[in-house]
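Please walk through this model chain by chain.

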Amino acid sequence: MNYGPLIFLAAFFALAGSWSGFVLTPQLQIGRLQQTNTIGNPTAAYPVARPGLAQQGLDVYRANGCAYCHSQQVGQTGTVLEIALTDAGTNHPPIIAALLKLAAAPADGPTVLTALPQLEAARTNGGSAMLLDGLPKAFLRSSSREGANAAIKALYAAGAKAQLWIVPVGPDLARGWGSRRTVAEDFLFEAPVMPGSQRVGPDLANMGTRQPNVNLHLLHLYAPQLQMKGSTMPPYRFLFERRKIGLEPSPEALVLPAEVAPPAGYEVVPKPPARALAAYLASLRADAPLFNAPLTVPASATPATSTNAATTAASAK
Amino acid sequence: MNPNHPKSPFIIHNSSFNLPPSVAPDVIDASCRLPLVVLFLSAAVWLLTASAFGLIASIKFHAPGFLADSAWLTYGRVRPAAVNAMLYGFCLQAGLGVALWMLARLGRTTLAAPWMVIVGALCWNLGVAAGVVGILGGGSTGFENLEMPAYAAALVFLGYLMMAFWGVLTFHQRRERQLYVSQWFLFAALFWFPWIYSTANLVLQGFGARGMAQAVIAWWYSDNLLVVWLALVGLAAIFYFVPKLLNRELHSRYLALMAFWMLILFASWGGIPASAPVPAWMPTLSVVTTVLGVITVIAVFVNVFRTTGGKCLMRMSNPSLKFIGAGLASFVVVGFASAVTALPAVNQVTQFTWFTIGKGLLNFYGFFAMVIFGAIYYIVPQLMGQEFPFPKLVRAHFFTAALGVLLFAVPLAVGGIAQGLKLQHAVIFADIAKGTLPFLRASTVGDLMMALGHVMFLVNLGGLVFQFYRGRALSAWAEATAEIKTAEARP
Amino acid sequence: MSSQPARERTGLAYVIGILGSLLIVAALVWAMQRYTQQPPLGQDRVVVRKKALADLRATEVGELASYGWLDQPKGVVRLPIADAMQLALRDWQNPAAARSNLIARVEKATAAPPAAPAKPSAFE
């Protein structure tokens, strides 16, 4: 009996199955993604293509295999709802009382972020000015929409204006690696896309927001152990040129501390690939609030129409 | 269940006087000799190259400044160079050699056009060399396991086509029409690689895809190469050599075929990490199919266990069986580890850690390379008609390889889990990174042990080949000189 | 006699068959690319921006070659450069006459500055 063609067909259809699943369908689904709007700013397209120098930096990132140690994807374990006071008016005691009442609510109600003694103190000696300073500020955390809405109503009745904030949470975010999880949209313009599979070094998804200073990136590339003692990151000195100072020092020369500084009369100047890589690192940010990864950006919170803004932001979830 | 299959090739192989084979094994071996020597020797050289690069990468965790001033030897280039040399230089190349030999032996026919296979092998090696140099020179594509730049990939693909073409033809010209299970695995493997390789390279390096679609396709490719292709060839060798060397019947042909079907139907859907920033159905599907992969592992294990009659292969005196036994053990461990770490709750811990790397290397070195070592230690003396010049080195190789894999994989796995557990809390990252260092440094010892084993392997293989061709040259020389003497004597 | 070409044809069939089956998925990929590939992101923007540039250029060229009012109440016009050069040439035949009204012309063309405040600042 000749099974040859049978094996061929078996292999072909088995592979064709997974091929249509993980080659054709991504091409149809992810391949058709377009730029999208960010929450709260319907005219802003997200993401946008990188500027030229940063785009060249992607090439340096690829060539030197940075992705073998750094991932560019942040995870989140969930989302919590925080209730922020945006306007406390002038009559503070009722607000403090309302907060205290909410704090005493049953277990499934919202939890108060500010320590209770602080609230108690504010109530007894009227030191509410300090407590209610620096608004908008989140005071309550709730796990359910209903609880949050009830709390907002209670605060509104007490004369304050409150907003609902959507806050993604998770260990990666707590470590300051980002403000929301990474989604497919963040990578729209990447070619090649390098999400990374290893965290030998920290995640870089939001490197640009964490460290926008290009010069510090250059310094870190030249001598990683300077800013992070005991770091295993290899120095990338081949991206820099150590040369004799000419008529006058180059304005681009690195300002190095004594332990890694070149001998007198010499300077360390980044070569074009180093500048490109630093520009790329500074351009990394995936923190725009999207409809499939919502978060509230407090800076853009408008104090006036608190409840409206809250419902828009929340309904996006 | 068909233990007494009337046409099982092993009955005939092992008692060839019952039914004369269509082509005698020594004629088959003679036809395979040169192409296989080329494939195995270059594979051994690549294996050692990979070890050297791997060691350089590993030493960088002891001293980050080690060789850091050279762009060509920076960690991000040396590591992919090591993986590519190992994968394309050793695994695929030696796997193809073993596959061609098994196809010829099981089909009881000579290898079709051995010279073309040699040309293909040379083209393949040229491609891998160009690829590794390209990666070191900064030409990597940026996709894991597919780093070789387009020009090298084209050469590699061409070389593969040449070899696989004659492999398929050998299969087609077989004199024994009844197929043994290994042939199913091998025949599928011959096609599997060009299919996935052409897809991945055309899409990722040719036409281009948008955003994360590239990553999904790259993950799909990696999974199909590392899980499906390696398992197809490795399991074919296990199912062939275990019964053959034990002189027993394979326990169940149907269980083996079930493993085949499970492998090609389900394992080809794995590979998308549970946390990947892609539409959720993709990782979900991967998780389900990876967990189902346990069935394949159990089917294989039960089959071999019953075939051996419950004896431990690693305790056999035959070194080939020792290697294959270690390979099977690693296969089982990797299979279960993959299934467990695919579960989202566990994956949350093991993702982005050294555990994944350790598991991947256990698959390379523990499963595939071990099985292939076992096969090569059996095949090459058959081809040459001589024993290895240093038989003790074969045993020493087994111990260093097994110990090396253990010392390599266990620290990475333990360190990876520790790292993953710390990543679950908002611990300062620098502390987490520092916590992994002792484990990484311990794994360097495993690296060294394995490199030592690879040297032994190369010495033995090269020694045998040298001994054989030296013998040939000497006898040819003797013949030539003898002829002159008789010619002189005649008049 | 007839077996030779037949064998050649069988050989060719093998070559095509085996190579075809090894390359079949590459053909699938080509078809996928042919029928599903989307234009690169921002392709539509390129068209829009090119059209805007072409419009701008067309307006500019038209204005450079035509006459029109810039500010009718003040009597400021635009005219083709060649004509302007000829006018200048004609005016400057007599440099003294041409110079005489320069300031008046500049004042006519430029907007009047805001009037000085009635009461000078105490700090000046």
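Which residues does Ala188(B) touch, not counting residues up to four places away in sequence? They are Ile7(A), Ala11(A), Leu232(B) and Ile264(B). Touching here means contact: two residues are in contact if their C-beta atoms, placed from the backbone, lie within 7 Å.

Some ground rules come next. This is a predicted model, in which local features need pLDDT of at least 70 and side-chain atom pairs count only at pLDDT 80 or more, while totals for chains, interfaces and linings use all residues. Residues are numbered from 1 along each chain as its sequence is written, and chains are lettered from A and ligands numbered from 1 in the order in which they are written.

Ala188(B) belongs to the largest nonpolar core, which has 230 residues. A nonpolar core is a set of buried Ala, Val, Leu, Ile, Met, Phe, Trp, Tyr and Cys residues joined through C-beta atoms within 7 Å. A residue is buried if 20 or more other C-beta atoms lie within 10 Å of its own, exposed if 12 or fewer, and partly exposed in between; these C-beta atoms, too, are placed from the backbone. Ala188(B) is among the residues with the most contacts inside this core, together with Ala189(B), Trp192(B), Val216(B), Ile217(B), Leu232(B) and Ala236(B). H7(B) supplies the largest share of the core, 26 residues. A second core, of 25 residues, is separate. It includes Ala151(A), Ala154(A), Leu155(A) and Ile166(A).

Now take the interface between chains A and B. Here 65 residues of chain B are in contact with 61 residues of chain A. On the chain B side, the elements giving two or more residues are helices H3 (75–107), H5 (150–172), H6 (181–207), H7 (212–246), H8 (253–266), H9 (281–308) and H14 (429–489) of chain B. Helices (H or I, at least four residues) and strands (E, at least two) are DSSP runs, numbered from the N terminus. H6(B) gives the largest share of that side, eight residues. By type, the side of chain B that touches chain A divides into 38 nonpolar, 19 polar and eight charged residues. Ala, Val, Leu, Ile, Met, Phe, Trp, Tyr, Cys and Pro count as nonpolar, Asp, Glu, Lys and Arg as charged, and the others, Gly among them, as polar.

Chain A has two assigned domains. Domain 1 covers 35–76 + 175–283, and domain 2 covers 78–169 + 289–315. Such bounds come from an automatic or database domain assignment. Their contact takes eleven residues from domain 1 of chain A and twelve residues from domain 2 of chain A. The domain 1 side divides into three nonpolar, five polar and three charged residues.

How confident is the predictor in chain A? The average pLDDT is 84, and 85% of the residues score at least 70. pLDDT is the predictor's confidence in each residue, from 0 to 100. In chain A, helix H11 (residues 272–283) has the highest mean, 96, and helix H12 (residues 306–315) the lowest, 39. Over residues 300–317 of chain A, pLDDT stays under 50. Where pLDDT is low, the predicted coordinates should not be read in detail.

Chain C comes next. It has five helices and two strands, in the order α-α-β-β-α-α-α from the N terminus on. Its radius of gyration, taken over C-alpha atoms, is 38 Å, well over the 14 Å that the globule rule (2.2 Å times the number of residues to the power 0.38) gives for 124 residues, so chain C is more spread out than a compact globule. The C-alpha atoms of chain C fill a box of roughly 115 × 50 × 25 Å along the principal axes. Buried residues make up 5% of chain C. Domain 1 (1–36) and domain 2 (67–110) divide chain C, and their C-alpha centres lie 79 Å apart. Seven residues of chain C are in contact with eleven residues of chain A.

Last, the backbone. Most residues other than glycine have a negative phi, and most peptide bonds are trans. The bond from Tyr46(A) to Pro47(A) is cis, with omega near -10 degrees. Arg108(B) has a positive phi of about 50 degrees. Arg108(B) counts as partly exposed because it has 19 C-beta neighbours inside 10 Å.
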